[in-house]
Structure formats: structure tokens, C-alpha cells
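Hi,

Here is the structure I promised to pass on. Please open it and keep it beside this email as you read.

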Amino acid sequence: MADLHLPGTLLPLFAGLPRRLEVDADTVVEAIDGLDARWPGLRDRLCEPGPALRRHIHVYVDGERAALDTTLGERSRVDVIAAISGG
Amino acid sequence: MPRTVLLVGTRKGCFLLESDADRRAWKLRGPYCEAWPVYHAVHDRASGAIYAAAASEWHGAGVWRSTDLGETWELSSEGLAYDAEGGTKVSKISGLTAAHGRVLAGAESAGVFESRDGGATWSLLSTLEGQPGRSDWNDPALQPPGHLGLPAMLPHPDDPARFWAVVQGIGIFETTDDGASWTPRNRGLRADWPREHEEIGFCVHKLVMSPVDHERLFQQNHVGVHRSDDAGLSWTEVTEGLPSEFGFAAGAHPHDRDTYYVIPLDGAHGRTMPEGHAAVWRTRDAGATWQRLDRGLPQHDAHLGVLREGLAVDTYDVPGVYFGTSTGQVFASADEGESWSEIASYLPAVASVEVAVVG
């Protein structure tokens with residue numbers, strides 16, 4: 001199970017969404033799809049059609065900048081970051 | 001007693017200002033929409049719902065909706081997207097209008113989406129393909145932002161299939177078959193720049209219709225104020241008497257077909273009120289003459305900007321007029337613009353002001 005950390009800006013948009021949760025997924029996109037199944041619409045908040053990560057959404061897997069197809073290890077830590085974007 | 005509710009879209013969320021029919025004392029609520037930048041918030045008189053067009057730098061574009069006058073809100077962007085294969089993106093929803101049981105959303109890059117379920121889901125209605133020069137609208141070499149937007153739609157009050165759409169820097173298009181086909185409606189407008197196509201290339205900032213004469217349209221253009229007496233088939237310039245030909249906002253009187261409001265701005269980089277003297281200008285004769293309305297507004301050192309959706313007129317017998325500024329003030333008049341008071345002073349930059357009379 002990967003240890004997924006989400007940006008605080010997502011929490012008010014989806015009832016019951018925690019800041020941190022464990023997900024069973026082999027890739028970043030699978031993890032996001034799993035979240036979207038539980039909280040419909042969440043994928044659109046992180047991804048553009050394609051899909052591709054939104055420009056100011058950065059994902060790190062075990063501290064390394066990741067893409068949607070980055071694979072997750074059994075105990076990976078995944079950080080989803082709302083990157084610096086204006087004031 | 002009716003409630004008067006101003007919907008104020010700002011750089012940091014949607015705010016509501018509420019009063020009674022006297023429109024003297026106002027109470028502020030907000031920010032709503034999780035403080036996302038809100039470009040246009042509207043009230044659907046038929047359903048009572050509020051819709052707010054928003055775009056977060058992080059989480060994309062969407063439309064917030066509230067069915068309880070702002071107490072609770074929901075966000076949806078389901079269907080608010082172009083096909084991924086085309087490479088065109090919806091970077092923001094710029095304008096909304098609710099009429100005939102649906103909501104229309106104008107998008108950037110240019111397209112019209114509709115929702116027939118109260119904003120829960122959306123579908124693409126038209127991208128105005130086939131119009132002259134359409135292929136250039138998303139060319140970054142021609143459009144510095146990378147694409148143009150479609151910031152406004154004007155519905156016909158009686159005909160659901162007929163409405164006008166404004167495309168930035170291109171002009172007005174009319175459809176009479178719900179977006180299946182379009183006709184440019186810019187004849188007689190002025191443009192002080194070269195244009196490749198005769199029918200387009202006009203910079204329409206705000207288009208309004210007289211609620212009591214649906215043939216009478218009025219617009220604040222990048223260059224001048226213009227009137228149409230034939231529902232946009234032809235336009236006549238009526239700028240003379242105003243301190244500037246430039247401005248963004250315009251409003252129509254609810255009961256008098258000849259009365260309109262504009263807010264002239266300096267047309268250079270500043271785009272604020274001329275000489276720091278705040279004023280709304282009103283015509284009572286369809287643009288033949290103009291009066292400066294500034295009683296109660298700051299007379300000097302007031303470098304206020306007002307954007308295209310920043311002015312609203314209510315529907316009372318003696319209508320109120322409202323405007324919000326890019327420096328976060330909202331001003332209100334309860335007497336058709338004769339006198340003004342500042343009803344909010346420290347909001348984030350205001351993008352839009354709309355007014356609803358409810359109850």
C-alpha cells in the first residue's frame with residue numbers, strides 16, 4: 001500500500017477526503033483513478049484531459065518528481081503538491 | 001419584503017452583499033467557492049440558483065452552484081472540456097448566463113457549453129467552427145495568450161434557440177438554431193486596426209439588451225459605445241459626449257429602452273477612471289447625450305478600474321445601479337445612479353457584479 005499525501009486545497013471539495021490515506025495502486029494514475037472512484041470528480045482537479053497532470057500539480061514518489069505512469073512500490077510515499085502559483 | 005442580493009465575483013472567491021428593497025444597509029457574506037478566482041457569478045431567476053464561473057491555478061476550471069443563496073456550494077467540471085486529441089484546453093470559464101431552463105458557459109479557449117441539469121453536468125454546444133478566421137483563434141503566434149476566449153452570451157428572452165456570443169477581439173455572432181450555425185453581427189462597428197475579414201475583427205467588451213425592447217442592443221467596445229436598433233444587424237456609434245471611448249462595463253435600464261450606463265476608462269495601460277475622478281455615465285436618449293453621475297463617488301485620486309461584468313442594474317421601479325472595482329470596492333446607487341455610496345471597501349479585486357431581487 002502506498003502512503004498518499006494530498007494538498008489541503010482538495011479537502012474542502014470532497015466530503016470525507018483525508019489529507020493522507022493508503023492506496024493500493026501500481027502507478028500514480030491508478031492511485032488517482034482509485035481516488036476518483038471514491039470521490040467522483042477528483043481526477044479532474046489533478047489532471048487535464050489526456051490525461052496529464054495539471055500544470056501546477058506536482059507529484060513526487062519517494063521524493064522524486066513523478067508522472068502519471070510512474071510506478072509505485074509496496075511502501076512508496078506519494079506526495080501530491082499544489083505548486084507555487086501566484087499570490 | 002424582497003431581498004436584494006449582489007453577487008460579487010472576485011480574485012479570491014465569490015461574496016454576497018445583501019440588503020432589502022431600500023438598498024441602504026448592506027451585509028457582506030463570503031468568501032465562497034473556496035476562494036477560487038471567480039470570473040462571473042449569476043443568479044437564475046427561474047430556479048433561484050447561483051452559478052459562479054471559476055478557475056483555480058491548481059485545480060482547473062469549473063462552475064460552482066448554490067441553490068440556497070450561497071449557504072452551500074457544489075463544484076462541477078464534468079463535461080467542461082474539449083477532446084484531448086484536439087489539443088485545445090478549457091483554461092477558464094469566463095462568462096455564464098441562465099435562461100430558458102439551462103445554463104450557458106463561455107469558455108477560454110473559445111466555446112459555448114450548456115448544462116440542462118442545473119450545473120451538475122455540462123456538454124459542448126459549439127466552438128463556432130467555420131466562422132471566418134476561426135482557425136487563427138488558438139494560434140499562439142497570432143494570439144499572445146495562446147488562445148481567445150468567449151466571455152459572454154446574450155440570450156434572447158423569448159426564443160431559446162437564439163442567442164448572441166461574444167468572442168474576444170473577434171466580435172459578436174448570432175445563432176438562431178441553438179449553435180448549429182452562426183452569423184457575424186458587427187456591421188457598422190469601428191476598428192482602429194487592420195482586419196483580414198470584413199465581418200470580424202472587432203473588440204466587443206460588453207453587450208447588453210434592453211429588457212423592454214429586444215431589438216435594442218447596446219455595447220461598450222474597445223473603441224466606442226455603439227447602439228443597434230435592429231437586434232445587431234447594424235450598429236451606430238454613440239460615443240460623443242463621453243470622456244473616453246474605452247471602457248469595459250455597460251448596463252441597460254430595466255424599464256426604459258433609451259437609458260444605459262457605461263463606465264469610461266483611460267484606454268492606455270492604466271484602464272482606470274479618467275483623471276482619478278470616479279464616475280458612471282448615463283444616457284437617457286439612447287446615446288445622443290451623456291450625463292456624468294458622480295455624487296458620492298470619490299472625486300480625485302481614485303484610479304478605479306471596472307471590468308466588463310463589473311456593473312449591474314436591478315429591476316426595481318426606481319432601479320439601483322452597482323459596480324465593483326479592481327481594487328475591491330463596491331459602490332451602489334438606489335436612485336438610478338443619481339447618488340452613490342460605498343457598500344464594500346476591502347474585497348479582493350472584483351471581476352463581476354450581478355444583482356438579484358428575490359422573495
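Below is what was found in it.

This is a predicted model: local features need pLDDT of at least 70, side-chain atom pairs count only at pLDDT 80 or more, and totals for chains, interfaces and linings use all residues. Residues are numbered from 1 along each chain as its sequence is written, while chains are lettered from A and ligands numbered from 1 in the order in which they are written.

12 residues of chain B are in contact with 15 residues of chain A (C-beta atoms, placed from the backbone, within 7 Å). The chain B side divides into 4 nonpolar, 4 polar and 4 charged residues. Here Ala, Val, Leu, Ile, Met, Phe, Trp, Tyr, Cys and Pro count as nonpolar, Asp, Glu, Lys and Arg as charged, and the others, Gly among them, as polar.

Next, the sheet. In chain B, 4 strands form an open antiparallel sheet in the order 3-2-1-28. Strands are DSSP runs of E, at least two residues, numbered from the N terminus; two of them pair if DSSP finds at least two bridges between them. The edges are strand 3 (27-32) and strand 28 (350-358) of chain B, each pairing on one side only. Strand 2 (residues 13-19) of chain B is joined to strand 3 of chain B by 4 bridges, and the two run antiparallel. B:Leu16 stands opposite B:Arg29 in strand 3 of chain B.

Last, one residue to look up. B:Ala52 touches B:Gly9, B:Cys14, B:Cys33, B:Val38, B:Ala41, B:Val63 and B:Trp64, not counting residues up to four places away in sequence.

Best wishes

Note on methods: Contact = placed C-beta atoms within 7 Å.
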